[in-house]
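Q: I would like to learn how to read the features of a folded chain, one after another. Could we begin with strands?

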Amino acid sequence: MSDSKFDKEDSLEIDIDTLIRENAQAVADYELNESPVSSNQDLQDRQALRRVSGLSTELQDVTDAEYRQLRLEKVVLVGVWTQGSALDAENSLKELAALAETAGSQVMEALIQRRDKPDSATFIGSGKVKEVREAVVATGADTVVCDGELSPAQLRTLEQKVKVKVIDRTALILDIFAQHAKSREGKAQVELAQMSYMLPRLRGWGESLSRQAGGIGGRGPGETKIETDRRRINDKMSKLRREIKEMKISRDTKRNERRRNNIPSVAIAGYTNAGKSSLLNRLTGADVLVENALFATLDPTVRKTQSADGRIYTFVDTVGFVRHLPHQLVEAFKSTLEEVSEADLIVHVVDGSHPDPQEQLRAVRQVINEIGGGEIMEIIAINKADVSAPEVLMNLLRNESNAYAISARTGYGVDTLVKAIEAALPKPKVEINAVIPFNRGDLVSAVHEQGEIISEEYLPEGTKIHAMVGGALAQKIQMIIQ
């Protein structure tokens with residue numbers, strides 16, 4: 001092993017020791033100044049609508065029908081371990097439990113079966129089906145949640161066997177998205193994803209499969225109820241796609257305006273609940289909803305900020321990713337995910353306290369590649385360093401060349417991250433050396449916001465500026481001085 005390799009490892013060990021000491025001080029300072037009262041209205045509203053156990057639906061306030069006590073579903077989790085280690089299977093089921101709790105469920109039992117591949121009829125083997133049924137009876141569960149995407153036939157067969165409702169991982173994630181979507185665009189995207197998922201899974205019983213009422217003009221084969229439902233869903237999906245396309249125009253216009261003015265865009269991407277919104281709040285002072293829950297925020301948030309040398313750039317907080325993110329969501333949220341694929345730089349936030357942060361990195365990079373952002377420069381922000389194991393941080397810092405340990409909660413390491421972000425922003429490529437008249441202060445201001453000042457001098461006839469700027473701004477300045 002080379003001396004440089006030893007030097008790098010020694011440096012990392014020193015950095016980790018320093019990290020632990022500085023981290024402890026940051027946590028102490030944070031806890032000293034922390035306010036226990038949340039000022040975020042969105043978070044207060046969400047906490048006001050909590051699902052509680054029991055069957056009561058009595059209103060807490062008769063003047064507000066939204067805040068009512070809802071029945072808490074009891075669920076049994078079922079996973080199939082087909083590859084990887086036992087720890088990987090357990091982590092996947094733990095994540096499913098977190099998803100179920102976020103959706104408002106109470107996890108009663110969790111079962112894993114080791115198989116080469118899921119059973120084509122019931123997802124799990126016949127013996128395990130009996131165990132699941134026994135667990136349902138013993139715990140009083142009313143729902144079984146499977147850690148995978150089940151075919152329509154598997155859903156029907158498994159429901160017949162266990163005698164309770166069965167949903168898969170995809171339906172669970174879609175349910176969480178439906179609860180948390182706030183904007184018109186977000187709600188339309190979630191509805192489109194849910195209908196895409198629902199369409200091949202429509203079912204009918206008894207008279208639901210009978211022909212529609214006949215009469216004069218209605219005789220003949222007609223169409224079944226389920227065919228009518230499919231037609232209506234297809235019509236609704238077409239309408240939603242048109243609405244989302246219209247809403248996309250506004251987002252594209254704003255993005256193109258920023259690009260025309262050479263304003264760099266930094267996308268904050270990462271695994272769900274890794275701390276993206278917390279980091280955005282820390283960096284820009286935005287009051288974005290922060291909650292210890294999966295997919296707490298779905299709608300992208302764009303905030304303007306300024307570098308140390310005066311350049312304007314934007315941060316974009318995007319929807320969180322997850323393992324096996326449903327393809328219906330990727331398709332429906334394509335316009336939102338373009339904020340990542342069109343960015344100049346990606347700050348990839350990873351949860352350093354997670355049992356398997358490397359798997360988080362892999363899952364997020366897979367989605368970024370799918371949406372066309374694989375070639376964009378990436379900075380790794382290892383968040384929650386204040387509660388992470390030092391050896392985990394050391395391993396991530398060794399494996400990732402452009403990684404920084406931070407804590408969005410306490411502020412530890414954020415200044416260093418900001419310096420790395422500003423150093424990585426795209427540089428203006430056109431050099432100007434001109435005297436701008438004093439009556440065109442707007443151009444001088446634009447140079448400060450969009451370019452890099454090399455020198456600046458005030459002369460009787462105007463402001464002499466030597467700087468690097470974008471092509472469009474350079475053209476404007478050239479037209480003035482001619």
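A: Strands β14 (residues 452-459) and β15 (residues 462-469) run antiparallel to each other and pair over seven bridges; strands are DSSP runs of E with at least two residues, helices are runs of H or I with at least four, and both are numbered from the N terminus, while two strands pair if DSSP finds at least two bridges between them. The two form a hairpin with two residues between them, and S455 stands opposite H466 in β15. This is a predicted model, in which local features need pLDDT of at least 70 and side-chain atom pairs count only at pLDDT 80 or more, whereas totals for chains, interfaces and linings use all residues. Residues are numbered from 1 along each chain as its sequence is written, and side-chain values use heavy atoms, leaving out hydrogens and water.

Q: How many salt bridges does the structure hold?

A: Side chains of opposite charge can pair when their charged atoms come close. The structure holds 14 salt bridges, each being a side-chain nitrogen of Lys or Arg within 4 Å of a carboxyl oxygen of Asp or Glu. One of them joins D147 to R169, with the closest N and O atoms 2.9 Å apart. Because D147 lies in the loop between β5 (143-146) and α5 (152-162) while R169 belongs to helix α6, the pair ties together parts 22 residues apart in sequence.

Q: Are D147 and R169 buried or exposed?

A: Both D147 and R169 are buried, where buried means under 20% relative accessible area, exposed over 50%, and partly exposed in between (1.4 Å probe, protein chains only).
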